[in-house]
Amino acid sequence: MSVPYRICLIDDDAAARTALERVFAAEGHEVVSYPDGQHGLAAALEEDFDCVLTDLRMPGVSGMELIDRLRDELPNLPVVLMTAHGTTETAIEATRRGAFDYILKPFEMEELLAVVTPAAAAGRRGREKVGLGGEEKRELALVGQSRAMQAVYKEIGRVAEKPVSVLILGETGTGKELVARALWQHGDRKDKALVTVNCAAIPSNLLESELFGHERGAFTGAEARRIGRFEQAHRGTLFLDEIGDLSLETQAKLLRVLQERVISRVGGREMIPVDVRVFAATHRDLPALVAGGKFREDLWYRLNVIVIRLPPLRERREDIPELVSYFIARHGPELGGVASVQPAAVKFLSAQPWPGNVRQLENVMKRMLLLAHGYAITEELVRAALIQGPSAGATTDAAGRTLAALCEEALAAARRDPGVSAVTSMLSAVERELLTQAQATTSGNITQMAQILGWSRLTVREKLKLHGLRPEPSGA
Ligand SMILES: Nc1ncnc2c1ncn2[C@@H]1O[C@H](COP(=O)(O)OP(=O)(O)OP(=O)(O)O)[C@@H](O)[C@H]1O
Ligand SMILES: [Mg+2]
């Protein structure tokens, strides 16, 4: 949650603007605020924002007009509306017209962040173009010229413009989300929204309302009508990520929607036609889920008409050197400098099992860049960066072996030099590694680091100094 976003804030109430600016600044976000819709709109169209947070009722250009304009011109810039209780109906209408979400005044700052952060994250993703391998490198690219990846690019090119749903399969971290976005960007709905729902991240009792919306009073807590993501994606594209995690009940409803192209909100009777292109992805083994009765066979048949399978990284090791260079170029500038990498290091990286695939490689590269401080990436550094904390969720195999290898090295060094204690040097190495990782996952937020490391903020600062780490990297 600590990625810094750029937010366009529009509110005619100066006191509210100041309060909101303060909240976002405390979270590390950049806020540019405007006192009226006209200036706000002009800025939103002109500059690169991750999301727009606007009041609904303002003199001049209203929040509603703003949404209409932005929807037409920048369909993937999420707009969040702030609105008073009495105007709930209007807020709902706004969501229908394309606002990402709304929040009812008065609200707690926590609530506000819970609404704005995902909006900004979606906006950031929506702005990054995904280039296909072989093309000139853009900000974000599918990298790799292996046969397996070439087949993927070909498939993307073949189906992107067809009006069909696509199922994207592959282990975790193989690039499924990247492929979904490439499909959308190379398709004929790129001028319309790409709405993403992560089915695994939303509790199952809330998921149906998230997808299809709900009517007021549909369940306890449903104080107002809510527009679901299907309705929001009307004429655009809906990316259902982690579809293997859907409950059987939601699967049944989804199947009906895919067949009949109409939705009804939870607790509602009205049938609302939706024209939505659907992409779905999962890292799970769907046929096995079908065989085990966990995934509906009819939904599986409906979804698997066009399947893009992403190869695990270990089956396309020849892409690793290119990925390594790509991640250095992409993350180096913000993580301590663009480091060169020694051939032995690349060789060692290429030999790893990579159960977490490209994502794991990317994380290891980020850690290495932090450790390298702009100097060459050596094989030793690779070994150090491969030590995984339990939260990294990756292998115990590769990590275990590497940790053992490091201990071995520490013991050997201590044997050579009686002035060295193996325990002290090992603990110090582990401490440094934990600090570096904590820094990377919190973008250097000292309070959060203190929390996860179990130290006081003062200790965190002292330890950073002790290990020669920069107190606040500009991003991670
Ligand atoms: N071929 C690739 N070239 C460059 N970067 C890639 C490639 N594949 C994946 N990545 C990067 O790896 C990370 C993980 O990719 P992505 O989120 O698309 O994986 P996923 O398959 O959706 O994983 P999960 O199943 O865990 O959700 C992202 O940062 C993405 O940019
Ligand atoms: Mg994913």
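Start by selecting Trp-354, which sits in the loop between α14 (343–350) and α15. The model on screen is predicted. Trp-354 is not a glycine, yet its phi is positive, at about 45°. Is this residue buried or exposed? Trp-354 counts as buried because its relative accessibility is 1%, and the cut-off for buried is under 20%.

Now widen the view to the core. The largest nonpolar core has 53 residues, and Leu-183, Leu-349, Leu-361 and Ile-377 have the most contacts inside it. Colour helix α15 (residues 357–372), which gives the most to this core, with nine residues. Domain 2 (130–311) and domain 3 (314–429) both contribute residues, so the core lies between them. A second, separate core has 32 residues, including Phe-230 and Trp-300.

Go on to Glu-242, in the loop between β12 (237–241) and α10 (248–260). Glu-242 has a positive phi of about 60° although it is not a glycine. With a relative accessibility of 17%, Glu-242 counts as buried.

Select Lys-190 next, in the loop between α7 and β9 (194–198). Apart from residues up to four places away in sequence, Lys-190 touches Asn-76, Trp-184 and Gln-185. Display the C-alpha atoms of Lys-190 and Gly-236: they are 46 residues apart along the chain and separated by 7.9 Å.

Move to Pro-106, in the loop between β5 and α5. The peptide bond from Lys-105 to Pro-106 is cis, with omega near -5°.

From there, select helix α5 (residues 109–127). Its 19 residues reach 26 Å from first C-alpha to last, close to the expected 27 Å. Among the buried residues of α5 are Leu-112, Val-115, Ala-119 and Gly-123. Which elements do the buried residues of α5 pack against? They pack against β1 (6–10), α1 (14–26), β3 (51–55), β4 (79–84), β5 (101–105) and α7 (176–185).

Finish with helices α3 (residues 63–73) and α4 (residues 88–97). Their axes are 10 Å apart, at an angle of about 5°. The two helices are therefore roughly parallel to each other. To see where they meet, show Met-64, Ile-67, Asp-68 and Arg-71 in α3 with Thr-90, Glu-93, Ala-94 and Arg-97 in α4.

Notes. Residues numbered from 1 in each chain as written. Chains lettered and ligands numbered in written order. Predicted model: local features only at pLDDT ≥ 70, side-chain atom pairs only at ≥ 80, totals over all residues. Heavy atoms only, no water. Helix = DSSP H or I, 4+ residues; strand = E, 2+ residues; numbered from the N terminus. Expected span 1.5 Å × (residues − 1). Buried < 20%, exposed > 50% of the residue type's maximum accessible area, 1.4 Å probe, protein only. Contact = heavy atoms within 4.5 Å. Core = buried A, V, L, I, M, F, W, Y, C linked by side-chain atoms within 4.5 Å. Domains from an automatic or database assignment. Axes fitted to C-alpha atoms, helices over the stretch in contact; angles between N-to-C directions. Parallel < 35°, antiparallel > 145°, perpendicular 65-115°, else oblique.
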